[in-house]
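Here is a briefing on a two-chain model. Please go through the sequence and the structure first, then read the points grouped by topic.

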Amino acid sequence: MKNKSDEQLMVLVNRKNRPALEELYDRYIRLIYGFIYKFTDGSEEKTKEIVQLVFLKLWTTKSRYDSTKGSFVNWLLTVTRNVCVDYIRKENLHQKNNRQMDLHGSSEIADPRNEIENSLVLNEISKAKSKLSASQNRLIDLLYWKGYSLAEIAQMENEPIGTVKNRLHQSLKKLKRHLEVGDIR
Amino acid sequence: MKMNCSHLLSYIAEEMNEKDRKLFSEHLKNCRECSREYDQMTEAWNKLKWDFEEKSAPESLKHDVMNFVFNKSQPKNHLLVSWIADLRKQFTPLTAGIALAFAVLSCILILFTIQLKNELAATEEEKLSAEVSGVMLLHSADGAGGMVNPAGGAFILVQGEQRSLVVQLQNLPALQGSEVYQVWLLKDGKRENAGTFKPDEKGGGRLTYSLEETNQFDQIGITKEPDPFSKQPRGKKVVGFIKTL
């Protein structure tokens, strides 16, 4: 298993080969765990639940990794984020039924710049994000890392959805300008 | 939903259901403006995922994850477990004891049957392993006293330690009243009784005689006796055999 490529491992996983799934776990658990840990705002309990769901998804998925559409790790993190978003949406729906959401002006979301300052690895995307305005950063975090939809964010920020979309448009273009050419991994 | 350029950001943010995604993909192919914007924005969107740090997971997590995956994805096991649980509910200690006793009894009977079969098979083998050790040659038929000549054969059959003399004859003259044919073992002029027989209606006769170790002979004589109680031949000799082996 150690000599197999990621793509070969995933083919084996599709064929229900358990050692292949365990090998993928060993290779990428730090990556997946770190991603989900950030997504859940550092909740170890939720991270554990979502890690389980991610590996269940890999085990049961009928969609195959296609190496022509990018690196395996990119695909793996996209799968991971989809599971995170599904999980958070279900949880938010549950919370909505219990209490009215009011996140307007909330300071729950830490200033991402503090996180960047504290981290030892200042990677490319972090650098680019540091060039964004506070409202742009907040939008990216709510949308990408908290799993809120554009419509939900518009409601939370008390703004028309068009304004939110426009801000996302500007944010992504600005990020692109500051991202160096080439893949960062 | 009619797809237009206003849906581009929803498309990039992966908020559309599969059907709408397909519709917008079609729009994207035909709209130069959207296509250009998409190319610019999607690269940044795809790199957002790298804005985190790798982190060591707790040691015990792997075990938990694998258990979760393989328990969830194998409902058959759950069925088996619940089936066994249901089955257990059907038995009180008494019925379980009775069932166990029957099970043990069945096992004993099966083992007994197997052993019996093996013994029978061994016996069959012994029977099959019987071999002919001595063949007798028809020697004379001078005293048949009729128009017909008896024909037949005699041999010694060995089965394990058991030796039997087998005599088989055809065309024997019919007997009258208490008359019998008697077989004698001959050795150095001495005669020993080896049994009597009566032929069937067609003149066929057969005799099997268990030989003792003390029975020594090199010829056989068959006489017609007035009754089955002769200690020495009283009637005429009908057939004689000489041992050849």
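How many helices and strands does the secondary structure of chain A come to? The answer is 9 helices and 0 strands, where helices (H or I, at least four residues) and strands (E, at least two) are DSSP runs numbered from the N terminus. This is a predicted model, in which local features need pLDDT of at least 70, side-chain atom pairs count only at pLDDT 80 or more, and totals for chains, interfaces and linings use all residues. Residues are numbered from 1 along each chain as its sequence is written, while chains are lettered from A and ligands numbered from 1 in the order in which they are written.

**Chain make-up**

- Along the sequence, chain A reads α-α-α-α-α-α-α-α-α.
- Chain B has 6 helices and 8 strands.
- Its pattern along the sequence is α-α-α-α-α-α-β-β-β-β-β-β-β-β.
- Of the 185 residues in chain A, 29% are buried; a residue is buried if 20 or more other C-beta atoms, placed from the backbone, lie within 10 Å of its own, exposed if 12 or fewer, and partly exposed in between.
- For chain B, with 245 residues, the buried share is 19%.
- In chain A, 59% of the contacts between residues at least 6 apart in sequence join residues at least 24 apart; two residues are in contact if their C-beta atoms, placed from the backbone, lie within 7 Å.
- In chain B, residues 24 or more positions apart account for 55% of the contacts with a separation of 6 or more.

**Where the chains meet**

- Contact between the chains involves 30 residues of chain B and 41 residues of chain A.
- On the chain B side, the elements giving two or more residues are helix H1 (8-12), helix H3 (32-47) and helix H4 (61-72) of chain B.
- H4(B) supplies the largest share of that side, 8 residues.
- By class, the chain B side has 14 nonpolar, 5 polar and 11 charged residues; Ala, Val, Leu, Ile, Met, Phe, Trp, Tyr, Cys and Pro count as nonpolar, Asp, Glu, Lys and Arg as charged, and the others, Gly among them, as polar.

**Nonpolar cores**

- The largest nonpolar core has 32 residues; such a core is a set of buried Ala, Val, Leu, Ile, Met, Phe, Trp, Tyr and Cys residues joined through C-beta atoms within 7 Å.
- Ile36(A) and Phe55(A) have the most contacts inside this core.
- The elements giving two or more residues to this core are helix H1 (6-14), H2, H3 and helix H4 (72-98) of chain A, together with H4 of chain B.
- H2(A) gives the most, with 12 residues.
- Leaving aside neighbours within four places in sequence, Phe55(A) is in contact with Leu21(A), Tyr25(A), Val65(B) and Val69(B).
- Another core, of 24 residues, lies apart from the largest one and has Ala128(A), Met3(B), Trp45(B) and Leu48(B) among its members.

**Helix packing in chain A**

- Helix H2 (residues 18-39) and helix H3 (residues 44-60) of chain A have axes that come within 10 Å and cross at roughly 135°; axes are lines fitted to C-alpha atoms, for helices over the stretch in contact, and angles run from 0 to 180 degrees between N-to-C directions.
- H2(A) and H3(A) are therefore oblique to each other; angles under 35 degrees count as roughly parallel, over 145 as roughly antiparallel, 65 to 115 as roughly perpendicular and the rest as oblique.
- Residues of H2(A) in this contact include Leu21(A), Tyr25(A) and Ile36(A); those of H3(A) include Ile50(A), Val54(A) and Phe55(A).
- The contact of H2(A) with H3(A) has 13 nonpolar, 1 polar and no charged residues.
- Helix H7 (residues 134-145) and helix H9 (residues 161-178) of chain A pack at about 100°, with their axes 10 Å apart.
- H7(A) and H9(A) are therefore roughly perpendicular to each other.
- The contact of H7(A) with H9(A) divides into 5 nonpolar, 4 polar and 1 charged.

**Positive phi in loops**

- Most residues other than glycine have a negative phi.
- Asn158(A) has a positive phi near 55° and lies in the loop between helix H8 (150-157) and H9 of chain A.
- Asn158(A) is exposed, with 8 other C-beta atoms within 10 Å.
- Asp188(B) has a positive phi of about 50° and sits in the loop between strand S4 (180-187) and strand S5 (190-197) of chain B.
- Asp188(B) counts as exposed, with 7 C-beta neighbours inside 10 Å.
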